[in-house]
Amino acid sequence: MQNILNALNRALGLIISLDKEVFSIVLLSFSVSLTAVFFSSLFSLPLSLLLALKKFRGSRFIVNTINSLMAVPAVAVGLVIYLLISRRGPLGVLGLLYTPWAMIFAQALLATPIITSLSLQTLKRIGSMVRETAVSLGASGWQMVITILKEAKSSLMAAFIVGFARVIGETGMTMMVGGNIKGATRVMTTAIALETMKGDFELAVALGIILLTVAFLLNIFLQMVQGFGQTR
Amino acid sequence: MNIKAEKICKSFNGKEVLRSIDIEIAESRINCVIGPNGAGKTTLFKILTLLDKATSGEVYFDGSPSSLLSPEEKLNLRRRIGMVMQNPFMFNTSVWKNVAYGLKLRKDRNIAGKVEKALKIVELYSIKEQSALTLSSGEAQRVALARAMVLEPEILFLDEPMANLDPLSTKIIEGLILKMENEHNATIVMATHNLLQARRFGERVFVLRQGEIIQQGRAEEVFHYPSSSFAAEFMEVGNLFRGRLIIEEGTQKLDLGRIKVEVVPNSEFGKIGASVFATLRPEDILLSLEPFHSSARNSFLGEIRNMQDRGGIIWVTMEPIPRFSGSKAESTSTPFVAVITKRSQEEMGLKVGMRVYFTFKASCVNVFE
């Protein structure tokens, strides 16, 4: 017990004193996961818009595939990415393995089915109504798409938050492709795992507190965003 | 703008919703498409406004087929056509911005002035800053109308604009439709399942039933010679009867089979022996447990067959009991519908199977051929 209290005490000390190492790990965690969600949304948003508004051959198959991909374990994604970007893999020449870009790549892949599926649900629900209204009031194709995104913004925001929460808390996959290199690819989750195994709880607890707080704040934010959306 | 459609068919997943529709919209007039729910009115409107594509057939705008138009030409055409949906979708923003939406798309120079004017016409200027998602259905319908009207379309499609609205909204919207047609010379196409509304507004009437236009023409023509199935579809109006005009004991009456209802003589429909339609509003019928003397010319004994609670108002369906039993007409059923408040029902102790007297004035019976 004394052990835990000591760790907690020193952990709080690290947080309050804005320890350089803690700070850089947290910063990297955020920048990797935010970038991953950004790239994922570049793909997820157009795809879910297309699936919600157009009926074409194979659209059902794509939707089913995306929904199944949500259940794929993160380590499997990690393995696939590892094989792709390892030195002998097809993308080996890019030298991505054990870089932040490898983590971004893997996290984006993990977040894409989640963000696409959640966005699709919303866009399907309101998409055709907004489209008909916008078009009947004289909207061109682009104006219509912008109107739909505006109307769906709180639900889309919720989809991004869920995707972000999923990837920032991901450990095994991030470790596999990032390598947990101190000062380069060490993020909150991988650092916690490593420090705990080393028996060095001080840093682990400090990062754990921050990670929990982030998760907590994200959930509050999510509920607020969904609350706004619920007026419809 | 002239809109004409030829042989429009539309199916959804193999189910035919519209079957070979030929329609030409009368310009600068109020056109009414009438038919029960599910007849295909909304689908037809979406095709005529280019919101949806027909499975087969062609829509012509000023004589040119719409299937040959480029996307830009289609956009320009759409911008001359307005459409208000039955349950209009409100953008998640203020009333003002909802109305300004179409003008912004067109980069109009006088957005503020036009929006203000439109909101004042629909009597919603005072709540212009309110979120459009908090509006009642009547207010939302008015916002939707203002939103379409502010764009000054040459032709305006209104899908059931007055279904389930409060009286004030209905009055405002009715006035607006007439004003648009009279002052702006706009063409209005209105879908309704309300016979009386179509009769009041419609100059040209199309009767849509199960995806087919079964009757069309000038309103007077359509109401002059309705087919029997057409009449049956509009029983929902309340009381719609078909009977023969007769003279009995020196007064003009409508022979409904079981009973004869006294009506106000009208030279226009005065052909004795003619088969006519009559409507009677359920709220014009008075129920009593005892017969009573009054100036109302019609009073009959009836048996309550059904009572339906529609939110505090009870719809009572009665079958009149003929005064002279044994007449051959006894088999024909002519149910009358009256509305009473829940309190009246409780105080009178009305139950299904009970006999009541129902009374109404001759002047409340609206006779038309």
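Trainee: Which residue stands opposite B:Arg204 of β9(B)?
Mentor: That's B:Asn31. Strand β3 (residues 30–34) of chain B and β9(B) pair in the parallel sense, with four bridges. Strands here are DSSP E runs of at least two residues, helices are H or I runs of at least four, and both are numbered from the N terminus. Two strands count as paired if DSSP finds at least two bridges between them.

Trainee: Before we go on, what should I know about the model and its numbering?
Mentor: It's a predicted model: local features need pLDDT of at least 70 and side-chain atom pairs count only at pLDDT 80 or more, while totals for chains, interfaces and linings use all residues. Residues are numbered from 1 along each chain as its sequence is written, and chains are lettered from A and ligands numbered from 1 in the order in which they are written.

Trainee: Back to β9(B), then. What does β9(B) pair with in the antiparallel sense?
Mentor: With strand β10 (residues 212–218) of chain B, over six bridges. B:Glu212 in β10(B) is the bridge partner of B:Arg209. The hairpin of β9(B) and β10(B) has two residues between the strands, and B:Gln210 there takes a positive phi near 45°.

Trainee: And why is strand β9 of chain B described as largely enclosed?
Mentor: Because five of the six residues of β9 (residues 204–209) of chain B are buried. Buried means that 20 or more other C-beta atoms, placed from the backbone, lie within 10 Å of the residue's own; 12 or fewer is exposed, and in between is partly exposed.

Trainee: What's the strand order in the whole sheet?
Mentor: It's β6-β7-β8-β3-β9-β10 of chain B, an open sheet of six strands with mixed pairing. β6 (81–84) and β10 of chain B are the edge strands, each pairing on one side only. On average, neighbouring strands are turned by 15° against each other, direction ignored. Axes are lines fitted to C-alpha atoms, for helices over the stretch in contact, and angles run from 0 to 180 degrees between N-to-C directions.

Trainee: How many bridges join β6(B) to β7(B)?
Mentor: Four, and β6(B) runs parallel to β7 (residues 155–159) of chain B. B:Val84 stands opposite B:Leu158 in β7(B). Helix α1 (residues 41–48) of chain B packs on the sheet, and its direction makes about 155° with that of β7(B). Helix α5 (residues 137–149) of chain B packs on the sheet too, touching β6 and β7 of chain B, at about 175° to the direction of β6(B).

Trainee: Switching topic: how many residues of chain B are in contact with chain A?
Mentor: 17, and they meet 14 residues of chain A. Contact means C-beta atoms, placed from the backbone, within 7 Å. α3(B) gives the most to chain B's side, with three residues.

Trainee: Take B:Gly102 in helix α3 of chain B. Which residues does B:Gly102 touch?
Mentor: Leaving out residues up to four places away in sequence, B:Gly102 touches A:Leu137, A:Gly138, B:Arg147, B:Val150 and B:Leu151. B:Gly102 counts as buried, with 25 C-beta neighbours inside 10 Å.

Trainee: Last one: how many helices and strands are there in chain A?
Mentor: Chain A has 10 helices and zero strands. Of its 232 residues, 41% are buried.

Definitions and conventions
Contact = placed C-beta atoms within 7 Å.
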